[in-house]
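Here is a friendly walk through two interfaces, one inside a chain and one between chains. Please keep the model open as you read.

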There are 2 protein chains.
Amino acid sequence: MAGGDELRLLGFWGSPFVLRARLALSFKGLSYEYVEEDLTNKSELLLRSNPVHNKVPVLIHNGKPICETQIIVQYLDEVYGASNGPSLLPVDPYDRAMARFWAAYIDDKLLSSLMMMSRGKTEEEKAEGRKQSSASMETLERAVKECSKGKPFFGGDGVGYVDVVLGGFIPWVNLIDRLTGSRQFFDAGKTPLLAAWLERFGSLHAAKVVMPDMERLVELSEMSS
Amino acid sequence: MAGGDELRLLGFWGSPFVLRARLALSFKGLSYEYVEEDLTNKSELLLRSNPVHNKVPVLIHNGKPICETQIIVQYLDEVYGASNGPSLLPVDPYDRAMARFWAAYIDDKLLSSLMMMSRGKTEEEKAEGRKQSSASMETLERAVKECSKGKPFFGGDGVGYVDVVLGGFIPWVNLIDRLTGSRQFFDAGKTPLLAAWLERFGSLHAAKVVMPDMERLVELSEMSS
């Protein structure tokens, strides 16, 4: 990290979007001050730093705020390049486009199906969410092949942009599996490449140190349901 | 453009997302083959090139497909850099993050309010769409200031990423204004900077040559309503 650099992250421990930013910081080996926000009483700093959405995560780099999780990850990658940790986005423009495509897919299709599953108002809606989640995971199984080209991660030999974007959801899909008492995601029978990816990603030290505690997540989900 | 390069764009004339890709190609001065798709009978090439979403636009560069409008624009900018036309994304990583932030805002908040206005099922929903559109335009008025820093475009002296992303919606907001007989967008009284931007952007030759015909758009909207 360049001398005199100051990085602060405004976050909430129970947010998958904040987790992504933390995963990116962790994989890039960057030191930063983590500031936990009380979302029921947001700080002046958060409201001033993200006046448009008033949401976490916000990265503050030498006093300048950067908002939105995927934008933060790309910003960190562009500012710190390969000087800190691995480059998350591929060098080749076509591979970058593919990484952006799958990251957008995860935030669009996978996220909306997860929301439908966990917050659906009727049983029909929840069942539709399960169906769509399952279809999204099957599509992502193809993405592993396309992006990794036979290597261990979406990013190839090391973790990349798509790994970080998908990695942010791991605790929440594990939570859904635990609450429903089934294995709906990363099922080795249905999506073997994704299941193997989960094993590898989850065992990385840089990932483990920022993952939220599952018991706390269970409590959080009970409070908000 | 590098020798031997082949660019094809699969599109539909009445799509704002296709228009963006065409604006980017036009501002960068790139030659390409435009292939009009019949959306009621999509070509094998489209289905094969975008198997995940089956949607236009798809850019095919030397046989390799790139999908999703914002990803196509960034790809063109990365591949052709400043060698063809202006760089659309700023060089400075912070300015790039800001450009990505406002582009995401346009696709999230402005687009969803436009959809609510034009496709709302009840009068209440349409009214809510109008309210949200108006709020989005006021927020974007602030974005002009932040991004342009007193210069003519979001991109500064020349058009940039946000100009192209917002520019793609011009014909459709003009259409809504025409159909409702009012001036709801780019109103000089409410958002003077955006109104001045619209004048400047709309008068550029590279924009004019790819804008769809308003009478045809009116017909299209009558057919689909």
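This is a predicted model: local features need pLDDT of at least 70, side-chain atom pairs count only at pLDDT 80 or more; totals for chains, interfaces and linings use all residues.

Residues are numbered from 1 along each chain as its sequence is written, chains are lettered from A in the order in which they are written, and side-chain values use heavy atoms, with hydrogens and water left out.

**Inside chain A**

Chain A is assigned domain 1 (7-80) and domain 2 (93-224); such bounds come from an automatic or database domain assignment. Their C-alpha centres are 21 Å apart. In domain 1 of chain A, A:Trp13, A:Arg20 and A:Phe27 lose the most area to domain 2 of chain A, together 37% of what that side buries. Buried area here is the accessible area (1.4 Å probe) that two parts lose on being put together, summed over both. A:Arg20 also pairs with A:Asp107 in a salt bridge at 2.6 Å, N to O. The term asks for a side-chain nitrogen of Lys or Arg within 4 Å of a carboxyl oxygen of Asp or Glu.

Which residues does A:Ser136 touch, leaving aside its neighbours within four places in sequence? They are A:Tyr105, A:Lys109, A:Leu110 and A:Ser113, where contact means heavy atoms within 4.5 Å. A:Ser136 belongs to helix H5 (residues 123-148) of chain A, helices being DSSP runs (H or I, at least four residues) numbered from the N terminus. A:Ser136 is buried, with a relative accessible area of 3%; buried means under 20% (1.4 Å probe, protein chains only).

**The two interfaces**

| Parts | Buried area | Carbon and sulfur share | Salt bridges |
|---|---|---|---|
| Domain 1 and domain 2 of chain A | about 1900 Å² | 70% | one salt bridge |
| Chain B and chain A | about 2200 Å² | 69% | four salt bridges |

**Between the chains**

Chain B brings 26 residues into contact with 26 residues of chain A. One salt bridge joins B:Glu78 to A:Arg96, with the closest N and O atoms 2.9 Å apart. On the side of chain B that touches chain A, H4(B) gives the most, with ten residues. By class, that side of chain B has 15 nonpolar, four polar and seven charged residues. Ala, Val, Leu, Ile, Met, Phe, Trp, Tyr, Cys and Pro count as nonpolar, Asp, Glu, Lys and Arg as charged, and the others, Gly among them, as polar.

Key: Helices (H or I, at least four residues) and strands (E, at least two) are DSSP runs, numbered from the N terminus. Buried means under 20% relative accessible area, exposed over 50%, partly exposed in between (1.4 Å probe, protein chains only).
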